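This report looks at one helix and at a set of charged side-chain pairs. Keep the sequence and the model in view while reading.

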Amino acid sequence: MTRQTTMINGYTPGKGSLAPEDEARVARRTALLGPAYRLFYETPVHLVRGDGVWLYDRDGNAYLDTYNNVASVGHCHPRVVAAMADQAATLATHTRYLHDAVLDYAERLLAHFPIPLTHAMFTCTGSEANDLALRIARAKTGGTGIIVTDNAYHGVTLATAEMSMSIGPAVAPGPTVFPVPAPTTANYPGDLGAGFAAAVTAACERMAAQGIKPCALIVDTIFSSDAVLPDPAGFLAPAAAAIRAAGGLFIADEVQPGFGRTGSQMWGFQRHGLIPDMVSLGKPMGNGYPMAGLVVQPEIVADFGAKSRYFNTFGGNAVAASVGMAVLNVIRDEGLQANALHTGRAFHDGLTALANRHPCLGQVRSAGLFLGQEIIDATGAPDPARSARIVNALREARVLISATGPLGHILKIRPPMVFTTDHVAIFLDRLETVLKRV
């Protein structure tokens, strides 16, 4: 299976239009960082500054950022930067001392979750959060079997990499990981929710046949690596019921769709009318500061907490808590969740209108400011080669996006949540220019 990473990370030294000094930087990077690191685009971008929805290269050229959901409230937001600097200048230490910042932040964060999700545990990355969720799930259920979708991504620790199918067969799946087809109408042509739930049940039966007890079903609630699959709202609930019926837990990975990005709700799982056993958080939580966490139902973590200590040197430190609070304040004060809904609809409508003039644009999939644009050929089949050309041509037009899905034929669009309809217009104009050439 061709993974999307092969489609846009294809830079070869000596090929392309890199300046000699950047060619030297690529060589230096390879020598210092080793072969596992990859660069985006056929011609990599050398960025030196960010501001709002814009990123700037060393020559001062502005690139419209339509991809980075980490800086969810905008690159270098002054309120977030000030909170970081002020707390770092006062105290930066771990959570084993009493300090109000982490308590105030936990209280504020948990207010955005339905009861009984009332405990917060803090980490530095989404990978750590998902790894911690797996440890807790094993302690609660006594099982080890994990169900994921067949092009999922959940992290880079040993455990989370083994359940990140998009990394590829050299890593995933691990021996107790059971992938199921992603929830698409092609995979489940009847009732999508019932079909996906039946696949979860069948995976549990395969585990039992191997003497493995179910532990958890974990999904990114917008299925961003599987091709951006937000609809229909509600289809996830039967799958959550299925894993629980088999004795496992349901973990909602909100590292990508969380913090208001889907527009209608703060968290992706809320679109499906269910309450997870655990929710992992990351990426936009600190707007670039390394901050992540896990929100848990108390009875789920009780056994783990009684038998194991949890401590993270940097997770939940005073600086992280101050930054996280600033991010929540900006989302509230600038109405960014409502903006994601409004601007996301305009984005969806604009792409749909553009498809009337460019038949290579297939289905648009979206929830707020998380969009996937299908690229197809004249027969309606996936066209990953054209998708890669579009991504790279947009980079040359100074618009940054990526591609996703098992074939890499879905344009992945998830700009900072301060994106406006004016920015949408810029994107659509440049995309149309690219489509006329590609």
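A salt bridge here is a side-chain nitrogen of Lys or Arg within 4 Å of a carboxyl oxygen of Asp or Glu. The model is predicted: local features need pLDDT of at least 70, side-chain atom pairs count only at pLDDT 80 or more, and totals for chains, interfaces and linings use all residues. Residues are numbered from 1 along each chain as its sequence is written, and side-chain values use heavy atoms, with hydrogens and water left out.

**Salt bridges**

The structure holds 11 salt bridges.

| Pair | N to O distance |
|---|---|
| K140 and E299 | 2.9 Å |
| D277 and R244 | 3.1 Å |
| R58 and D22 | 3.5 Å |

Helices (H or I, at least four residues) and strands (E, at least two) are DSSP runs, numbered from the N terminus. Accessibility is sorted by relative accessible area: buried is under 20%, exposed is over 50%, and partly exposed is in between (1.4 Å probe, protein chains only).

Take K140 and E299, which meet in a salt bridge. K140 sits in helix α5 (residues 126-141) and E299 in helix α9 (residues 298-307), so the pair ties together parts 159 residues apart in sequence. K140 is partly exposed at 30% relative accessibility. E299 is also partly exposed, at 44%.

D277 pairs with R244. D277 lies in the loop between β8 (249-253) and β9 (278-281), and R244 in helix α8, 33 residues apart. D277 is buried, because its relative accessibility is 6%. R244 is partly exposed at 33%.

Salt bridges that share partners join E21, D22, R25 and R58 into one network. Within it, R58 bridges to D22. R58 belongs to the loop between β2 (54-57) and β3 (62-65), D22 to helix α2 (residues 20-33), so parts 36 residues apart in sequence are tied together. D22 is buried at 10%, while R58 is partly exposed at 33%.

**Helix α7**

What span should α7 have at 1.5 Å a residue? The expected span is 1.5 Å times one less than the number of residues. For the 18 residues of α7 (residues 192-209) that gives 26 Å, and the end C-alpha atoms are 26 Å apart, which agrees.

Buried residues of α7 include L192, F196, V200 and M207. Their cover includes β5 (145-149), β6 (177-180), β7 (214-220) and α8 (237-245).

D191 caps the N-terminal end: a side-chain oxygen lies 3.0 Å from the backbone nitrogen of G193. Just after α7, G211 takes a positive phi of about 75°.

Definitions and conventions. Contact = heavy atoms within 4.5 Å. Polar contact = N/O pair within 3.5 Å; in protein donor to acceptor, adjacent residues only side chain to side chain.
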